[in-house]
Amino acid sequence: MNKKNMKKIIAGAVILFALTSSIFAAKGLKVVTTIFPEYDWTREILGSNPGKVELSLLLGNGVDLHSYQPSIQDIAKIATADIFIYVGGESDFWVEDALKNAANKNMKVINLLEALGDKVKEEEIKEGMQAEEEEEEDEEAEYDEHVWLSLRNAKFLCGEIAAVLCEKDSVNAASYKANLAAYSAKLDALDARYSAVVKAASKKTILFGDRFPFRYLVEDYGLDYFAAFVGCSAETEASFETVIFLAKKVDELGLKTVLKIESGDGKIARTIIQNSKNKNAKVLTLDSIQATTKKQADAGASYLKIMEENLKVLQEALE
């Protein structure tokens with residue numbers, strides 16, 4: 001989406017807000033999140049929702065973070081939020097203009113990348129990765145947005161969310177703090193399970209025939225990786241050189257699996273296997289949790305459950 005179109009959307013959102021402001025005024029505390037991890041963390045901290053908090057998930061229809069385009073309704077929703085939580089990477093280029101036009105000047109904003117500070121990593125180009133087909137006009141550092149795929153980052157960011165909720169709704173602060181403590185203990189327990197699985201594993205490297213958004217996860221546990229593309233890549237086709245390099249790595253490392261992300265079709269992963277010596281290698285899927293839908297959330301999907309399933313996959317990949 002270009003900036004001209006974005007300004008039209010924001011202008012429309014301002015008009016929509018003006019027409020509906022009396023409705024919004026009657027609501028309680030409003031929290032707007034962009035992606036599912038933020039939404040689910042906030043939901044856990046709210047618990048039974050004692051403060052009549054209205055919690056919204058913008059990317060709730062399965063759209064990937066990297067291809068999301070906010071609607072007029074989305075921008076209007078942000079404009080009236082008391083708390084707005086977003087990732088803060090290049091995919092959120094539209095947020096700055098949206099916040100400039102926010103009607104609620106007392107809004108508290110949580111930018112995940114800003115909150116994490118020096119824990120945020122620059123995107124990494126590993127040997128064998130497909131080069132991006134883009135003009136390199138600027139040489140600004142590009143940061144890996146997928147910070148939620150570290151359980152340790154999740155625990156820290158939940159603390160940031162809880163602090164803002166306590167500030168905005170002090171009446172229920174004790175409840176939020178208790179919920180945070182309980183949820184943090186669950187995150188710690190799963191973190192410990194990941195550490196134990198990696199420690200016991202015979203292999204310490206995973207290989208992706210896909211984009212690789214799991215850098216924060218592998219670095220938490222000292223794992224190495226190879227992949228066809230960086231995590232935020234828009235590329236869908238791998239060159240012959242990339243496929244052959246990764247196929248040779250499958251052989252060299254004795255890997256029994258090639259991984260893909262949940263939105264991938266597995267074509268590149270299968271081609272890598274076909275070009276390796278181990279034709280019986282399996283294609284497994286790790287969920288990057290960036291396109292989980294509101295429908296899935298309502299049906300019981302949670303950040304912890306998805307990360308638990310990812311651990312099962314990781315354990316098999318490291319056998």
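Q: What makes Lys100 and Glu96 a salt bridge?
A: This is a predicted model, and every value here is computed from it. The closest N and O atoms of Lys100 and Glu96 are 3.8 Å apart. The cut-off is 4 Å between a Lys or Arg side-chain nitrogen and a carboxyl oxygen of Asp or Glu, so the pair counts.

Q: Where do Lys100 and Glu96 lie?
A: Both are in helix H4, four residues apart. That is about one turn of the helix.

Q: How many salt bridges does a search of the whole structure find?
A: It finds 13. Side chains of opposite charge can pair when their charged atoms come close.

Q: How do you know that Glu219 and Lys121 form a salt bridge?
A: Their side chains meet at 3.0 Å, N to O. The limit is 4 Å, so the label holds. This pair links distant parts of the chain. Glu219 is in helix H8, while Lys121 is in the loop between helix H5 (112-116) and helix H6 (151-168). They are 98 residues apart.

Q: Why is Glu219 called partly exposed?
A: Its relative accessible area is 35%.

Q: What makes Arg215 and Glu219 a salt bridge?
A: The N to O distance is 2.9 Å. That is within 4 Å, so Arg215 and Glu219 qualify. They are four residues apart in helix H8, so about one helical turn separates them. Arg215 has 11% relative accessibility and therefore counts as buried.

Q: Which residues do salt bridges with shared partners join into one network?
A: Lys121, Glu124, Arg215 and Glu219.

Q: Why is the pair of Tyr68 and Trp94 called edge-to-face?
A: The ring centres are 5.6 Å apart, and the planes stand at 65 degrees. Tyr68 is in the loop between strand E2 (54-57) and helix H3 (72-79). Trp94 is in the loop between strand E3 (83-86) and helix H4 (95-100), so the pair ties together parts 26 residues apart in sequence. Tyr68 and Trp94 are both buried.

Q: What makes Tyr194 and Tyr221 a stacked pair?
A: Their planes are 15 degrees apart, and their centres 5.3 Å. Stacked means under 30 degrees, with centres within 6.5 Å, so Tyr194 and Tyr221 pass. Tyr194 sits in helix H7 (residues 173-200). Tyr221 sits in the loop between helix H8 (215-220) and strand E6 (224-230), 27 residues apart from Tyr194.

Q: How do you know that Tyr194 is buried?
A: Its relative accessibility is 0%. Buried means under 20%, so Tyr194 qualifies. Tyr221, at 10%, counts as buried too.

Q: What makes Lys119 a charge over the face of Phe156?
A: Lys119 is at 4.2 Å from the ring centre. The distance limit is 6 Å, and the charge must also be within 35 degrees of the ring normal. Lys119 lies over the face of Phe156. Lys126 lies over the face of Phe226, at 5.0 Å from the ring centre.

Q: How do you know that the span of helix H9 agrees with its length?
A: H9 (residues 240-253) has 14 residues, so at 1.5 Å a residue it should span 20 Å. Its end C-alpha atoms are 20 Å apart, which agrees. Gly254 follows H9, with a positive phi near 65 degrees.

Q: Which elements do the buried residues of H9 pack against?
A: Strand E5 (205-212), E6, strand E7 (257-261) and helix H10 (267-274). The buried residues of H9 include Val243, Phe245 and Leu246.

Q: Which residues have the most contacts inside the largest nonpolar core?
A: Trp41 and Ile206, in a core of 85 residues. Among the residues that Ile206 touches are Phe212, Tyr225 and Leu314.

Conventions. Residues are numbered from 1 along each chain as its sequence is written. This is a predicted model: local features need pLDDT of at least 70, side-chain atom pairs count only at pLDDT 80 or more; totals for chains, interfaces and linings use all residues. Side-chain values use heavy atoms; hydrogens and water are left out. A nonpolar core is a set of buried Ala, Val, Leu, Ile, Met, Phe, Trp, Tyr and Cys residues joined through side-chain atoms within 4.5 Å. Buried means under 20% relative accessible area, exposed over 50%, partly exposed in between (1.4 Å probe, protein chains only). Contact means heavy atoms within 4.5 Å. Rings of Phe, Tyr and Trp (its six-membered ring) pair if their centres lie within 6.5 Å; planes under 30 degrees apart count as stacked, over 60 as edge-to-face and the rest as tilted. Helices (H or I, at least four residues) and strands (E, at least two) are DSSP runs, numbered from the N terminus. The expected span of a helix is 1.5 Å times one less than its number of residues. Lists of a residue's contacts leave out its neighbours within four places in sequence.
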